[in-house]
Amino acid sequence: MRIRSARRSDLRLLQDIERAAGEPFRTLGMHSVADDDPPPLDLLESYRRAGRCWVATDPLSATGDRPLGYVIADPVDGALHIEQISVDPVAARRGIGRTLIDRLAALALGQGLTALTLTTFSDVPWNAPYYTRIGFRVLHERELTDGLRTIRGEEAQHGLDRWPRVCMRRELLPLQPSAPAPPPASVPAPESASVAVSGAP
């Protein structure tokens, strides 16, 4: 799996991913969520130009460098807030969402931010229960920052509070320097040896 910055040529594909990712909500009777328009191109372009839109691709698959999922994020109150993350259902259960979020966590740490945050539906299996499994926790009302309260207010105006929603947070711990590895045991090398090195993006 490869995570890269979005390109302008990707943006219509991201809208297609968003439409496809909305369809499973229809099975839960959440038709207005399924029918919601994807982010407009000018909004996606503003995230792309700001360097806050990333896509996941699989260069080794038939889709090549075509995006299979994407994420956009904003800094909010000392955290990196996941504004939207979507994966094409045809590529579900391949760890794409988790890979995107892990890359965001690394980027946020590099920017001195302390956490990832998001808002999501509490009772949708692939929403809050999924995020709980990958390290997020539900925030109590008293824990919400001013920025998160503003986001929740905008969501309520958009009608998303027809179903229970929560704010969630995943703390980011600075990477600790690892202890030096012990020297390898001395092993006689064969007279003719070759070393193969392989890597994945």
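A helix, as I use the word in this notebook, is a DSSP run of H or I that is at least four residues long, and helices are numbered from the N terminus. With that settled, I note that glutamate 155 lies in helix H6, and that the model I am reading is a predicted one.

**Entry 1: the chain as a whole**

I began with the overall layout, and I counted six helices and seven strands in the chain. Reading along the sequence, I wrote down the pattern β-α-α-α-β-β-β-α-β-α-β-α-β. I then looked up burial, and found that 41% of the 201 residues in the chain are buried. For contacts with a separation of 6 or more, I noted that 70% are between residues 24 or more positions apart.

**Entry 2: glutamate 155**

Is glutamate 155 buried or exposed? I found its relative accessibility to be 11%, and because buried means under 20%, glutamate 155 counts as buried. Leaving aside neighbours within four places in sequence, I listed Thr119, Leu160, Asp161 and Arg165 as the residues in contact with glutamate 155.

The crossing of H1 and H3 is right-handed. Which residues make the contact? From H1 I wrote down Leu11, Arg12, Leu14 and Gln15, and from H3 I wrote down Leu41, Leu44, Glu45 and Arg48.

One of these residues, glutamate 45 of helix H3, I looked up separately. Apart from neighbours within four places in sequence, glutamate 45 is in contact with Arg8 and Leu11. I also checked alanine 6, which is 39 residues away from glutamate 45 along the chain, and found their C-alpha atoms separated by 9.1 Å.

**Entry 3: aromatic rings**

A search of the whole structure gave me five aromatic pairs. For phenylalanine 121 and tryptophan 163, I noted ring centres 6.1 Å apart and planes at 85°, and because planes over 60 degrees apart count as edge-to-face, this pair is edge-to-face. Which parts of the chain does this pair tie together? Phenylalanine 121 lies in strand S5 (residues 115-121), while tryptophan 163 lies in the loop between helix H6 (146-157) and strand S7 (165-171), so the pair ties together parts that are 42 residues apart in sequence.

I looked up the burial of both residues, and found phenylalanine 121 buried with a relative accessible area of 5%, and tryptophan 163 also counted as buried, at 17% relative accessibility. Phe121 and Trp163 belong to one aromatic cluster together with Phe25 and Trp126. Over the face of phenylalanine 121 I found arginine 165, at 4.5 Å from the ring centre.

**Entry 4: alanine 79**

I found alanine 79 in strand S4, where its relative accessibility of 1% means that it counts as buried. Alanine 115 is 36 residues away from alanine 79 along the chain, and I noted a separation of 4.7 Å between their C-alpha atoms. Once neighbours within four places in sequence are left aside, the residues in contact with alanine 79 are Asp74, Leu113, Ala115, Thr117 and Arg169.

**Entry 5: two positive phi values**

Aspartate 77 is not a glycine, yet I found a positive phi of about 55° for it. I placed arginine 93 in the loop between S4 and helix H4 (96-110), and its relative accessible area of 86% makes it exposed.

**Entry 6: cysteines**

How many disulfides does a search of the whole structure find? I found zero. I still looked up two cysteines, and noted that cysteine 53 is buried with a relative accessible area of 2%, and that cysteine 167 is buried with a relative accessible area of 4%.

Key
Residues are numbered from 1 along each chain as its sequence is written. This is a predicted model: local features need pLDDT of at least 70, side-chain atom pairs count only at pLDDT 80 or more; totals for chains, interfaces and linings use all residues. Side-chain values use heavy atoms; hydrogens and water are left out. A disulfide is a pair of cysteine sulfur atoms within 2.5 Å. Buried means under 20% relative accessible area, exposed over 50%, partly exposed in between (1.4 Å probe, protein chains only). Rings of Phe, Tyr and Trp (its six-membered ring) pair if their centres lie within 6.5 Å; planes under 30 degrees apart count as stacked, over 60 as edge-to-face and the rest as tilted. A charge sits over a ring if NZ of Lys or CZ of Arg is within 6 Å of the ring centre and within 35 degrees of the ring normal. A crossing is left-handed if the near helix is turned anticlockwise from the far one by less than a right angle, and right-handed if clockwise. Contact means heavy atoms within 4.5 Å.
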